[in-house]
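Here's a quick tour for anyone just starting out with protein structures. Have a look at the sequence and the model first, then read on for the charged pairs and the sheet.

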Amino acid sequence: MNADAEIQSGSRFGFGANWTRFLALLDEARIAEAEASLRRMLAVTDLKGRRFLDIGCGSGLFSLAARRLGAEVHSFDFDARSVACAQELKRRYFRDDGGWRVEQGSVLDRAYIERLGTFDVVYSWGVLHHTGCMWTAIEQAISRVATPGGTLFIAIYNDQGWKSHAWWFVKLLYNRLPRLFKMPFVITVSALTHALVIIKYTIRLKPMIAIAPLFSDRRERGMSARYDAVDWIGGFPYEFCGFDALAGYLFARGFSLMNSTRTGSHGCNELVLRRAGEGSPCAD
């Protein structure tokens, strides 16, 4: 079954449609934030001379950021609309550029993945847990990291125990709803979630921690609060893993941790890891 058929059946969220709307907000400031995020997490000043694989490129923002930092970029996504978003960014900023390739593909397609070869940096932020086969997808991503010294940068939803399982049902319900009811559902769930967070921080006498973010659409990494909310509530399939379990899994496969961001909530744990061997191509 292709992405469009899965979306129509209610078994997959239409990420590409959400990213298409996000592109209307994209400006130089958001692109600069994306570049800064890559530089910070990879601990580099640029990516010149490195091959960068963006698995599940979504809007194409981080492929664009990597290309502007000097990398040779290969972007792919399962969702045709996401591919179109990345192609649009390439048209805007790197028209006819041979150093950035965008195409449709699936990380679960072993033959396709093997044809790509290996890369100095394999990047997949908030994607592999939406494939429906997260651990297989992680293995496929691992297989594309150059040996020795290649870098893997992934972000996976945190395991919150019963809360994560409750969110699984919320996401399933969203995708099974008729289109007419989806946005009211997002608004209702978002309002309830924000109310609970405000109550929690008010009890702790720190209400502005929860209230202040509501007055800005900008989020870290150049993202948008509005479209992040739709992505979060609708994002399905949905799997998750705790930081320690994910790190341990990758350590057992010959990786060492270079950098990370650990979350205690429903967000993503970010891990940047180096494959065993000397002379990492991401070392300045």
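Glu 88 counts as partly exposed in this predicted model, at 23% relative accessibility. Its side chain meets that of Arg 91 in a salt bridge, at 2.6 Å from N to O. That's one of 11 salt bridges that turn up when the whole structure is searched.

**The pair in helix H5**
- Glu 88 and Arg 91 sit three residues apart in helix H5 (residues 80–93), which is about one turn of the helix.
- Arg 91 is partly exposed too, with 40% relative accessibility.
- Why can such side chains team up at all? Opposite charges can pair when the charged atoms come close.

**A pair that reaches across the sequence**
- Glu 139 and Arg 253 bring their side chains together in a salt bridge, with 2.4 Å from N to O.
- Glu 139 belongs to helix H7 (residues 134–143), while Arg 253 is in the loop between helix H12 (243–251) and strand S6 (255–261), so this pair ties together parts that are 114 residues apart in sequence.
- Glu 139 is partly exposed, at 30% relative accessible area, and Arg 253 is partly exposed as well, at 34%.

- Glu 35 and Arg 39 form a salt bridge through their side chains, at 3.8 Å from N to O.
- They're four residues apart in helix H3 (residues 28–42), so about one helical turn separates them.
- Is Glu 35 buried or exposed? Glu 35 is buried, because its relative accessible area is 11% and the cut-off for buried is under 20%.
- Arg 39, on the other hand, is partly exposed, at 30% relative accessibility.
- There's a network here: salt bridges link Glu 28, Glu 35, Arg 39 and Arg 68.

**The sheet**
- Seven strands make up an open sheet with mixed pairing, in the order S3-S2-S1-S4-S5-S7-S6.
- Which strands are at the edges? They're S3 (100–104) and S6, and each of them pairs on one side only.
- From one strand to the next, the twist averages 20°.
- Helix H12 packs on this sheet and touches S5 (151–157), S6 and S7 (268–275).
- The direction of H12 makes about 15° with that of S7.
- Within the sheet, S1 (residues 51–55) and S4 (residues 121–125) run parallel and are joined by three bridges.
- Asp 54 stands opposite Tyr 123, which is in S4.
- As for what holds strands of a sheet together, they pair through backbone hydrogen bonds, either parallel or antiparallel.

Technical notes: Residues numbered from 1 in each chain as written. Predicted model: local features only at pLDDT ≥ 70, side-chain atom pairs only at ≥ 80, totals over all residues. Heavy atoms only, no water. Salt bridge = Lys/Arg side-chain N within 4 Å of Asp/Glu carboxyl O. Helix = DSSP H or I, 4+ residues; strand = E, 2+ residues; numbered from the N terminus. Buried < 20%, exposed > 50% of the residue type's maximum accessible area, 1.4 Å probe, protein only. Pairing = 2+ DSSP bridges. Axes fitted to C-alpha atoms, helices over the stretch in contact; angles between N-to-C directions. Contact = heavy atoms within 4.5 Å.
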